[in-house]
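Trainee: I would like a close look at the aromatic rings here. Please take me through them step by step, and then through some strands for contrast.

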Amino acid sequence: MARAVVNGISVSTGIAIGKAFFLNRSITSRLPRQTVPTHMVEGEKERMKKGFSDAVEELAAVRAKVPEELKEHQLIIDSHLMMLKDPKLQSSALKYIDDLKINAEWALDKAVNDLEKAFGALEDVYIRERMQDVRQVALRVQAKLIGGEANLRPVEGRVVLMAHDLTPADTIELEVNKLMAFVTTLGGKTSHTGILARTLNIPALVGAEALENSVVDGDLVIIDGLAGKVLVDPSDEELEHYYTLETQFDDYQRTIIRGCQLPAETEDGYRVQVNANIELFEEVAAVIDNGGEGIGLFRTEYAYLNRTDLPTEDELAEKYSELAAIMSPRPVTLRTLDLGSDKFMSHFGSLDEANPALGLRAMRFCLKHQELFRIQLRAMLRASVHGNVSMMFPMICGLKEVLQAKSALARAQQELRDEGIPFDEDMPIGVMIELPAAVMIAEILAQEVDFFSIGTNDLIQYSLGIDRTNPHVSYLYQPLHPAVVRSIKYVVDAGHRAGIGVSLCGEVASDPYCVPILMGMQIDSLSLTPQAIPGIKRILRQLNMQECKQLLKDVLGCRTVSRINRLVTENIYKKYPEELTFFASLLDNEEITG
């Protein structure tokens, strides 16, 4: 048996076996924490300012050295540069020097801790995890303050890189051809580490909290990017098993990539479109390389984060237009902002909401802040002439919101007509079905839009009343709960009766146990992470629609989650048992509620 097993979150699949190599910085030593006499306060403040300016200069130099294979990650480095130039973090740290008479290193640490508390109170996982970027920026400044460098120790030979955290700048400074895998202590599913690892096509785990207490430099480790764990000092039997699994996985990857550009058509001829969910422009290449037939969900929030000002209409229009042009003639669905005032504190003020997830966010926020919404609508309309573009509105709970959003869109369209700016007059408009209220009035909403997109991540959480990121209740996150299955079918049927297409996005779309159920409902398209597309398309090509419809019928006849899970597992495992080795399923959650 391995000496230790460290659990983490897999953000890039695969198997790697090699020696652990810890990323050492001079800053990893304990930061000095000192009070200073009054006459030294101004000197500490000047040190702070110089630390920030030196960090900007260093990071700008790193950006200039970005290798060709990582050019798309310049955007993330740019966001770090913007945070360094943002006066708020520095001002907060300077105030601590003034008020508490403490040294610059300690003051910056306290300012970052304040931000961490504010970010930790937010409901949105993606936004919470952006705190990681702030800490990375502060770490670079602190390295300058203590007279050290943020430079990394050289890598000798091929290694498994271990780090407390890993930035795009770190990766650029390393020799990427020597990295077999990444493992970091910090991070979540939306970490940039995952995007970097997938770009380099190597396994990666984040959020491995016990890493630094369980692994030392030079340990032989196995990175299991399928199950999300690190085996430290494995036994001979474990090594043999994983060497075999590594070979099988590599063979499987080559097989599914060879067929990833083929259409997703079942054995008996039912065609389903397979699109990708992305949030960064840099992921477009992965969509095309993995056989994505379009972008079913482009999360537009990133352009509004990690900056001191709001993006302009021209800036947004340029980004959306470039995305549409590159993907053309493949479809691109742009989702309007799914953020709340808690993410725009510097511009709109904090509402001090007890539960932001149920507060002023998404469409509610946009309808309250009409000028912000107007700018984004105009930008999307301008992009519509550069490709096959659709627009959809998130978190709809009633007909009034749809009519108000469409009214705002009509006003933006008329403005562009009056200005002589071209746009697609027939651009499809859709809504996301992610609230139980929207499910129940799906037949009403279907009369007002051109398509539905079922957002299963939120629909499951809101339907079952659980936060799946909360470890105390995550076992209750059951995608095949009878209420969830019936809700999805109700929406699909309502859409089809109205003659509109129905797409489904979220992790359910990349779960091989759930996909046959969705096919039984005759879903029109799926949208999932780019890296999951080849495997799901291969599974879709092995399905038979009559069998899927029968499985759905059997599932609808079940009264409990546990019975559904057993039924589905037994049926699916008979169909393609070997392939299931390389998939993680949401059905793995413990079921104790029936």
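**Aromatic rings in close-up**

Mentor: Start with a cluster: ring pairs link Phe249, Tyr252 and Phe582. Keep in mind that this is a predicted model, where local features need pLDDT of at least 70 and side-chain atom pairs count only at pLDDT 80 or more, while totals for chains, interfaces and linings use all residues. Residues are numbered from 1 along each chain as its sequence is written, and side-chain values use heavy atoms, with hydrogens and water left out.

Now the rule. A pair of aromatic rings is described by the distance of the centres and the angle of the planes. Rings of Phe, Tyr and Trp (its six-membered ring) pair if their centres lie within 6.5 Å. Planes under 30 degrees apart are stacked, over 60 edge-to-face, and the rest tilted. This rule gives three aromatic pairs.

Take Tyr252 and Phe582. Their rings are stacked, 4.7 Å centre to centre, with 20° between the planes. Look at where they sit. Tyr252 belongs to helix H10 (residues 236-258), and Phe582 to the segment after helix H24 (561-575). The pair links distant parts of the chain, 330 residues apart. Helices (H or I, at least four residues) and strands (E, at least two) are DSSP runs, numbered from the N terminus. Both Tyr252 and Phe582 are buried. Buried means under 20% relative accessible area, exposed over 50%, and partly exposed in between (1.4 Å probe, protein chains only).

Next, Phe373 and Phe393. This pair is edge-to-face, with 6.2 Å between the centres and 65° between the planes. Phe373 lies in helix H15 (residues 370-383) and Phe393 in strand E12 (residues 388-393), so the pair ties together parts that are 20 residues apart in sequence. Phe373 counts as buried because its relative accessibility is 0%. Phe393 is also buried, because its relative accessibility is 0%.

Now the strands. Two strands pair if DSSP finds at least two bridges between them. Strand E1 (residues 4-7) pairs with strand E8 (residues 229-232) in the antiparallel sense, over four bridges. Find Val5: its bridge partner in E8 is Leu231. Strand E7 (residues 220-224) also runs antiparallel to E8, joined by four bridges. Here Val221 stands opposite Val232 in E8. E7 and E8 form a hairpin with four residues between them. In the turn, Gly228 has a positive phi of about 75°.
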